[in-house]
Amino acid sequence: MNTLRDPKVAAVIDRMYAEATEQMARLHERGSEIRAAKTAQERADAFSDFYLPVTPESGQLLYTLVRAIRPKSVVEFGMSLGLSAIHLAGAVRDNGVGRLVTTELSAAKVVAATASFAEVGLDDLITVLEGDALQTLAGLQEPVDFVLLDGWKDLYLPVLHLLEPKLRPGALVVADNTGLPDARPYVDYIRDPANGYVGVSFPVRESDAMEISCRA
């Protein structure tokens with residue numbers, strides 16, 4: 001069974017990717033305004049109506065990884081408008097076990113994504129934590145088996161440090177856009193064998209990649 005191939009789910013995913021593609025010109029037009037944003041909240045507000053999604057291939061990769069390791073607890077940092085969360089929750093549904101906890105700072109995106117989750121029938125598997133992830137994720141109690149980092153790149157390392165005490169041995173940590181300069185501290189840390197991870201850089205776009213790491 002593959003929930004992503006359900007006609008209703010596939011139609012929503014196709015629509016969302018089409019909308020994301022149509023936004024690109026407007027995103028470039030507003031580049032200076034967006035670059036002027038300093039705080040995480042200012043950046044979230046500036047991007048509140050933009051998807052900023054993983055690529056379709058990356059979405060399929062996330063689905064496959066979750067199917068493979070059958071995690072009981074999946075955590076996403078940076079939900080945006082929910083495309084990656086649909087792929088993650090679809091895999092959780094098809095595994096028959098687990099739950100997704102996802103985080104988002106933009107209140108507008110929380111409303112929009114929540115509606116999409118209900119539309120595809122995955123809302124019962126997804127808990128959305130609205131607010132600063134360094135605060136909302138601090139309340140997690142259960143061990144974590146799978147993490148997707150796809151929020152602000154300069155926060156990847158602080159979020160990882162927050163979650164590390166909860167990571168099970170063998171947990172997967174996937175970070176998107178690790179070719180960007182702001183992700184460099186995270187990449188340096190996760191690739192240092194002394195920190196307890198093994199992994200690989202997986203190309204997903206020109207000059208960009210996903211870092212896929214296992215808590216050894």
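These legends walk through several close-up views of a predicted model. Residues are numbered from 1 along each chain as its sequence is written, and side-chain values use heavy atoms, with hydrogens and water left out. Because the model is predicted, local features need pLDDT of at least 70 and side-chain atom pairs count only at pLDDT 80 or more, while totals for chains, interfaces and linings use all residues.

View 1. Seen here is an open sheet of 7 strands, ordered S3-S2-S1-S4-S5-S7-S6, with mixed pairing. At its edges stand strand S3 (126–130) and strand S6 (197–205); each has a single partner strand, so one side of each is left without a neighbour in the sheet. Direction ignored, neighbouring strands are turned by 15° against each other on average. Two strands pair if DSSP finds at least two bridges between them. Strands (E, at least two residues) and helices (H or I, at least four) are DSSP runs, numbered from the N terminus.

**View 2. Strand S4 between two parallel partners.** Strand S4 (residues 144–149) runs parallel to strand S1 (residues 73–77), joined by 4 bridges, and parallel to S5, joined by 5 bridges. Phe 146 is a handy landmark: Phe 146 is the bridge partner of Val 74, and Leu 172 in S5 is the bridge partner of Phe 146. S4 is mostly covered, with 6 of its 6 residues buried. Buried means under 20% relative accessible area, exposed means over 50%, and partly exposed is in between (1.4 Å probe, protein chains only).

**View 3. Strand S7 and its antiparallel neighbours.** S7 pairs in the antiparallel sense with S5 over 4 bridges and with S6 over 8 bridges. In S7, Ile 212 stands opposite Val 174, and Ala 209 stands opposite Pro 203. S6 and S7 form a hairpin with 2 residues between them, and Ser 207 in the turn has a positive phi of about 65°. Of the 8 residues of S7, 6 are buried, and the strand is mostly covered.

View 4. Helix H5 (residues 56–69) lies across S4, strand S5 (167–175), S6 and strand S7 (208–215), running at about 175° to S4. Helix H9 (residues 156–163) lies across S1, S4, S5 and S6, running at about 165° to S5. Axes are lines fitted to C-alpha atoms, for helices over the stretch in contact (heavy atoms within 4.5 Å). Angles run from 0 to 180 degrees between N-to-C directions.

**View 5. The largest pocket.** This pocket has a volume of about 1,300 Å³. Its lining has 48 residues, of which Phe 47, Leu 52, Trp 152, Lys 153 and Leu 180 lie nearest its centre. Helix H1 (7–22), helix H2 (24–29), helix H3 (31–35), helix H4 (40–46), strand S2 (99–104) and helix H8 (133–136) are the elements that give two or more residues to the lining. By class, the lining divides into 23 nonpolar, 12 polar and 13 charged residues. Ala, Val, Leu, Ile, Met, Phe, Trp, Tyr, Cys and Pro count as nonpolar, Asp, Glu, Lys and Arg as charged, and the others, Gly among them, as polar. On a 1 Å grid over the protein atoms alone, a pocket is an open set of points with protein on both sides within 12 Å along at least five of seven lines, and lining residues have an atom within 4 Å of a point.

**View 6. The cavity.** A search of the whole structure finds 1 cavity of 30 Å³ or more, and the largest cavity has a volume of about 50 Å³. A cavity is a set of grid points where a 1.4 Å probe fits but cannot get out. Points are joined across faces, edges and corners, and a volume is the space filled by probe spheres set on them. Among the residues that line the largest cavity are Tyr 51, Leu 52, Gly 78, Met 79, Ser 80 and Asp 150. The lining has 7 nonpolar, 4 polar and 1 charged residues.

**View 7. Glu 104 in strand S2.** Glu 104 sits in strand S2 and counts as buried at 9% relative accessibility. Leaving aside neighbours within four places in sequence, Glu 104 is in contact with residues including Gly 78, Met 79, Ser 80, Lys 109 and Leu 129.

**View 8. Two loop residues with positive phi.** Most residues other than glycine have a negative phi. Leu 52, in the loop between H4 and H5, has a positive phi of about 50° and is partly exposed, with a relative accessible area of 34%. Asn 177, in the loop between S5 and helix H10 (184–191), has a positive phi of about 60° and is buried at 11%.
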